[in-house]
Amino acid sequence: MKMTKVVPFAMSALLLGGAIGAPTASANEGEATVINAETSEQQVQPIFIKVTGTVENVEVRENATYYTVVDGDNTNIVIANKDSLVFDNMGKEAKLQKGDKVSAYSYAKKPMLAIYPPQYNPEVIIVETEEMGSVEVDFFNKDLVDTENNLKLNVGEDTKLASATGKAVKVDDLKEQHLVVFYTIATMSIPAQTPPSKVIVLDTIEKEEPVEVDPAPTPEPAPVDSAVQEIINKDFYEVDGAKMVPLRLIAEKLGFKVEVTPKGAIVSKGALSYTITRGQKEYGYNKALRQFKVAPALLESGKTYVPVEFVEELTK
């Protein structure tokens with residue numbers, strides 16, 4: 001990355017920056033592979049992020065309940081509301097409570113807040129009991145086989161079919177869909193085959209299509225506040241041909257609230273919310289994703305810089 005600091009006075013200190021890697025989630029459902037720059041190893045990106053642990057705290061808020069789920073040194077927040085799908089591992093509807101052992105499955109492409117501890121609003125929550133029931137949450141193809149060729153569904157007359165939205169479901173409706181599968185027995189073959197006791201179609205998730213990445217439109221630029229323009233003129237870097245400006249200084253001048261996160265910031269005002277992650281070109285815009293030309297970076301101590309085009313986004 002070619003980086004040049006442009007200021008009206010001589011630089012008196014050497015700026016040190018660190019590379020920040022994107023987080024990975026542990027789950028057995030694969031969708032795509034990425035190359036780790038440091039190890040040159042391929043990593044599987046999951047379709048669903050699986051969070052497991054024991055509910056150690058329950059906090060009821062106005063529109064949702066926040067469950068603190070702990071597994072060893074890992075702490076996560078699982079958010080549920082009245083519409084959340086909560087079942088035990090046998091497929092019976094369940095109610096979460098303190099002390100439950102749970103597995104929560106969240107669609108990996110869904111935008112998330114970059115905060116700690118991580119917060120998830122999962123598609124389905126499973127309360128693990130001592131009953132001999134297994135659960136698979138994954139995308140199943142036209143042959144009703146999961147993404148890693150581990151499980152094939154042989155749906156019979158006794159299989160209960162349902163959907164997240166309450167729509168009637170037939171066997172053909174299960175093909176090429178995200179499914180929650182409950183089963184008790186499976187063959188030893190590859191893939192293992194099972195007659196599931198219950199299958200739920202997660203029709204709240206769009207079918208397997210690429211996440212739309214808005215390349216950031218280029219409308220006529222809006223007038224920029226004079227104080228903001230002064231910051232742009234005096235405090236910027238040139239990185240890979242892009243002009244990088246300090247995020248927090250400019251956003252706060254424009255009336256945005258800036259919440260610092262371990263890897264970036266959440267910038268919000270009214271109904272607008274932007275989730276910025278250093279080292280990552282994609283950024284969250286409400287529930288959509290957009291993309292920078294150059295990834296945000298910590299170019300000075302305590303200061304995250306973003307491409308200057310983002311100022312136009314904030315002033316729309």
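Glu176 lies in the loop between β13 (160-163) and β14 (177-183), where strands are DSSP runs of E with at least two residues, helices are runs of H or I with at least four, and both are numbered from the N terminus. The model is a predicted one, in which local features need pLDDT of at least 70 and side-chain atom pairs count only at pLDDT 80 or more, while totals for chains, interfaces and linings use all residues. Residues are numbered from 1 along each chain as its sequence is written, and side-chain values use heavy atoms, with hydrogens and water left out.

Phi of Glu176 is near 55 degrees, a positive value in a residue other than glycine. At 36% relative accessibility, Glu176 counts as partly exposed; buried means under 20% relative accessible area, exposed over 50%, and partly exposed in between, with a 1.4 Å probe and protein chains only. Asp240, in the loop between β18 and β19, also is not a glycine and has a positive phi of about 50 degrees. Its relative accessible area is 47%, and Asp240 is therefore partly exposed.

I turn next to a peptide bond. The bond from Ile190 to Pro191 is cis, with omega near 0 degrees. Pro191 is placed in the loop between β14 and β15 (192-194).

Which residues of helix α1 (residues 226-234) are buried? They are Val228, Ile231 and Ile232. These residues cover an arc of only 100 degrees around the axis, so they are on the same side of α1; the arc is that of the directions from the helix axis to the C-beta atoms. Their cover includes β18 (236-239), β19 (242-246), α2 (247-253) and α3, contact being heavy atoms within 4.5 Å.

Now to the aromatic rings. The whole structure holds 10 aromatic pairs: rings of Phe, Tyr and Trp (its six-membered ring) pair if their centres lie within 6.5 Å, and planes under 30 degrees apart count as stacked, over 60 as edge-to-face and the rest as tilted. In Phe292 and Phe310 the ring centres are 5.4 Å apart and the planes at 70 degrees, so this pair is edge-to-face. Because Phe292 lies in the loop between β24 (288-291) and β25 (297-300) and Phe310 in helix α3 (residues 309-314), the pair ties together parts that are 18 residues apart in sequence. Phe292 and Phe310 are both buried. Ring pairs also link them with Phe256, Tyr274, Tyr283 and Tyr285 into a cluster.

Tyr285 has Arg290 over its face, at 4.0 Å from the ring centre. A charge sits over a ring if NZ of Lys or CZ of Arg is within 6 Å of the ring centre and within 35 degrees of the ring normal.
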